[in-house]
Amino acid sequence: MTVAALPTRKDEAFRYADLAALAGVWPVVREHIVVPSGQSTSLSIIEDSVVEAVARHLVIELEAGASFDLRILNTGAAFGRIAVDARLGEGARFTLGAAQLGTGSQVLEIVTEVFHDAPGATSRQTIRSVLAGQATGTYLGKVAVARGADGTDAAQSVRAMLLSRTATANAKPELEIYADDVKCAHGCAVGELDAAGLFYLESRGLTPPEAKRLMLQAFVAEAFSGAADEEKLQALALERLGALL
Amino acid sequence: MLQIHNLSATVAGKPILKGLSLSINAGEIHAIMGPNGAGKSTLAYVLGGRPGYEVTGGSVSFTPNPNPAHPELVEGYGAARGASTGSARAGVGGGAVDLLALAPHLRAAAGLFLGFQYPVEIPGVSFVQFLREAANAQRKARGEEPLSGGEFLKLAREKAALLKMDMDMLKRPVNVGFSGGEKKRAEMVQMGILDPSFAVLDETDSGLDIDALRIVGEGINAIMRRPDKGVLLITHYQRLLDTVKPDFVHVLAGGRIVKSGGAELALQLEDEGYEAVAA
């Protein structure tokens, strides 16, 4: 088996990656997960260690009627990349909730490809990025609905919050639909903290950093809502948010 | 308790308040009525310290009621202010503070409460968490011990019951999915929990049905109708004033107070309209 060549900037999926950092961990081993027909599994990936580079690539196959709940907290590495390919069988359900919290010159990215190959499958992706300093947060997410995959229900909700003018968010939700009867929704927004909300909280006595932390906590919470280990994920995210402010 | 002197303010460069003066003593409830665009909400936001509402002249002096259980309250809060603003802009003497020199959260810690006309929805943050953090942030700024979880819940339950609000609603995200009336009721629950010296209530009666109006009015009386507290009630309608009887009524038009009187002035306004009365 030949080792794949290091990607270049021309590869769309690596367009915003830190290629020099990636070289240090290349090639990335693909982690295969199969969820058998009718079964439910969940997995939380927590990348919060301070390291030079982390790159993972999950390949998930959901058989008919299977469901998989994946949560990602991507926050520790100078370059942290998590790629996820999910292939959905008939009536399968795939949930992805991910938060990327970065500061300094961190480059964090989540790259997904979700294949609705059979009818009646559902996918839900919720990505929240909070970026301070000169950090870059990227989400590239493709949803491909194959011919005949009628009744597909796919949603992508992608939001990024910039805490400084020097932080960068890249977001590219993408739909490729070859079936007729599908419901595909995607929303994408990059913004700053809502001034009206901050004033409301401060008017009740919270200091400006407390008010910001509370609003960011709420912003990130959506990514982990309903997770099996929600409390742990929220607590880790909260700790990290404190460091970002 | 609250002395507003010749206050002028602009919003986006446009003058809204044009030399407004008003003096409210402890134990008094004042109502401000006035036509749309008169500057009522601007006054509320200026007092609360909302960014974007720029004070261009005048002063506001606030004398919080000294908490007998904590005689150090005013002093401790003064120290917190000095530390936070990094300046020695002291109050104007005798326990009074220069309200406009304080950041919004320190105005709250000093004992000012702003009831919002449009309470903001904060998805993902429960009322209980938010209010406990807010109450304890205020206590910290005043040099008081924080409330424990149990103490806070007891207080919250008591105030929710006062406003006939289901405690379960306070476990929900702040104002999310609340009707207009529920939001206003929740504002009053917050006021009860935070127990301010002075409340500025901006159209707390809008969006309320008749029953809710009475509950909110009775809540205001129960929480704020005390010899050591004051209220500035901004309203469009006389109806709330049937329950919360004002000691004084003022008409705000064109950015200043154009007429003042007793409770009867509100009735006259209702009958004759602003234009006739304020002319």
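What share of the 245 residues in chain A is buried? Buried residues come to 43% of them, a residue being buried if 20 or more other C-beta atoms, placed from the backbone, lie within 10 Å of its own. The model is a predicted one, where local features need pLDDT of at least 70, side-chain atom pairs count only at pLDDT 80 or more, and totals for chains, interfaces and linings use all residues. Residues are numbered from 1 along each chain as its sequence is written, and chains are lettered from A in the order in which they are written.

Chain A holds 4 helices and 12 strands, which are DSSP runs (helices H or I, at least four residues; strands E, at least two) numbered from the N terminus. Its C-alpha trace spans about 55 × 40 × 30 Å along the principal axes.

Two helices of chain A, α3 (residues 208–224) and α4 (residues 230–244), pack at an angle of about 145 degrees with their axes 10 Å apart; axes are lines fitted to C-alpha atoms over the stretch in contact, and angles run from 0 to 180 degrees between N-to-C directions. Residues making this contact (C-beta atoms within 7 Å) include L216(A) and F224(A) of α3(A) and L233(A) and L241(A) of α4(A).

Over in chain B, there's an open sheet of 4 strands, with antiparallel pairing and the order β2-β1-β4-β5. Strands pair if DSSP finds at least two bridges between them. Because β2 (14–24) and β5 (97–98) of chain B stand at the edges, each has a single partner strand. Strand β1 (residues 2–11) of chain B pairs with β2(B) over 8 bridges, and V11(B) has K14(B) as its bridge partner in β2(B).

Notes:
Buried ≥ 20, exposed ≤ 12 C-beta atoms within 10 Å, placed from the backbone. Contact = placed C-beta atoms within 7 Å.
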